[in-house]
Amino acid sequence: MKKLYFITGSQDLYGEETLAHAEKDSKAMTEFLNGRLKDVAAVEFAPIVKTAAEAEKICVKASADEDCIGVIMWMHTFSPAKMWIRALQALKKPMLHLHTQFNEKLPYDSIDMDFMNLNQSAHGDREFGFICTRLGVKREVVVGYYQHEDVIKQIRRFAQAALAVDFGRTMRVAMLGNNMRDVAVTDGDRVESEIKYGWNVNYYGIGDIVEIANSVTESEIDGKMKEYSEKYEMKTDNIAAVREQAKYEVALEKFIERENISAFTDTFQDLHGLNQLPGLAAQNIMAKGIGFGPEGDYKTAALGAVLQKMAEGREGATGFMEDYTYDLTAGDELELAAHMLEVSPVFAASKPEIQVHPLDIGGKSDPARLVFDGVSGEGIAVSMIDMGNRFRLVCAEITLVNQPKPMPKLPVARLMWKLKPDFKTGAAAWIYAGGAHHAVVSTALTAEDIRLFAKMTGTELVVIDGKTDLNSFEQQLEMLDTLAGLKK
Ligand code: MN
């Protein structure tokens, strides 16, 4: 079980009684929060911090504890912040600064100096905030009574983002083949990805999959076909093509397990030894939480795995999507997102159909794939790009909509959505920001979740939402370029 340390700051000037009181309160708060958050991470009480040595000790411990995904800090009393300098310099885990109190109401009738000295986070949290700002410590400040639902929700969101960052730290990503020839935006600095996020991204020859696929037995394929027929509607007579995909999926699953892989890419330009591009196989695997990026797009694959981890336990769908084409009817513009084959069935509005059609690219046999219409509702599209001297996340809020008419001749799964704040602004902002044609789309996560991830990992983030103004947005990009240049 992953955990969050609940660290309460104080000092040794107050005397035994006050400190004992602080400890009792802090334990009660830890217990309460643990009760509400333990499905995501355990909240663990840490002894009250009174000195610089104690502060450093607990921050070093949190940083070294591989089960610790982050810390919650709260100053019950005043806690002179010079005592936090070494501690904060040593802290390597995401921090949530909880600006709260043990008491919700002010006890007007009974309040005296003792009460005020014990319950002075309005005072102590400002002192602590100063030193965090002075040291440039990235943290999430959450304000409010710790039992209020909105506060618990914010802590939960932090915990989920911290869990995803922690997951990425030891994540392995396989590139089956390399980046699609000549494509720029899907490429990237894999060493930098590992330095920044921990993502260990390695190339494998497609022959590694072919070798496993060749040893897949007919009964293993039968088992996979049974899974398909339970989950999907078989809408083809070309069962051999479907069995071919079943064989690939069994092989991919074995490879994923053997290599401890959480995300993978492939590319239609490197399929030597495979008769079809993995379509159905990749789609069914994606729905099991494995990140996927086509055409060697390792950033999207890895980001997909991390964001699926972040969304665990939430309603909604998360997966890879590609911007494809538009309906440009003035004032009612819609985007159609799809891919050659690989759209995750988590986005299906109804039971997906297994169909077999020609691919028209790559010169291979007709691949089996899942075809369906997509879900509707509020969501986000997130793209990670490599700016050369830093990564940038582009996050756009979108509204997924039902497709206005059937598309009987389109043989791939698809989603449709509206851009914010309006089509022209949303599309122009995305293009100015350099956002890719590949993204991770989620109806489970919000821009707030991405903001937390960006903060915890020190990643540049631009958000396109209902308030985006193109002029300010371009100025923001200009400023980010300038700042990144100064840091070089
Ligand atoms: Mn693509």
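**View 1. E295 and H438 at the manganese ion.** In this predicted model, E295 and H438 are both buried. Together with E322 and H339, these two residues coordinate the manganese ion, the glutamates through OE atoms and the histidines through NE2, at 1.9 to 2.3 Å. Along the chain, the donors follow the spacing E-x26-E-x16-H-x98-H. E295 belongs to the loop between β10 (291-293) and α12 (298-310), whereas H438 is part of strand β18 (residues 438-442), so the pair ties together parts that lie 143 residues apart in sequence.

View 2. With β16, strand β15 pairs in the antiparallel sense over 10 bridges, and the two strands form a hairpin with four residues between them. Within that turn, G388 has a positive phi of about 95°. Strand β15 also pairs with β18, again in the antiparallel sense, over three bridges. A381 can be followed in both pairings: its bridge partner in β16 is A396, and in β18 the residue standing opposite A381 is V441.

View 3. Strand β17 (residues 414-419) is mostly covered, with five of its six residues buried. Strand β12 (residues 334-338) pairs with β17 in the antiparallel sense over four bridges, and in this pairing A337 stands opposite L415. Strand β16 (residues 391-401) likewise pairs with β17 in the antiparallel sense over four bridges, with I398 standing opposite L419.

View 4. At the start of helix α13, a side-chain oxygen of D422 reaches to within 3.2 Å of the backbone nitrogen of K424. The helix spans residues 423-433, and its buried residues include F423, T425, G426 and A427. Further along α13, A429, W430 and A433 are buried as well. G434 follows the helix and has a positive phi, near 85°.

Methods: Residues numbered from 1 in each chain as written. Predicted model: local features only at pLDDT ≥ 70, side-chain atom pairs only at ≥ 80, totals over all residues. Heavy atoms only, no water. Donors = N, O, S within 2.8 Å, 3.2 Å for Na, K, Ca; no water. Buried < 20%, exposed > 50% of the residue type's maximum accessible area, 1.4 Å probe, protein only. Pairing = 2+ DSSP bridges. Polar contact = N/O pair within 3.5 Å; in protein donor to acceptor, adjacent residues only side chain to side chain.
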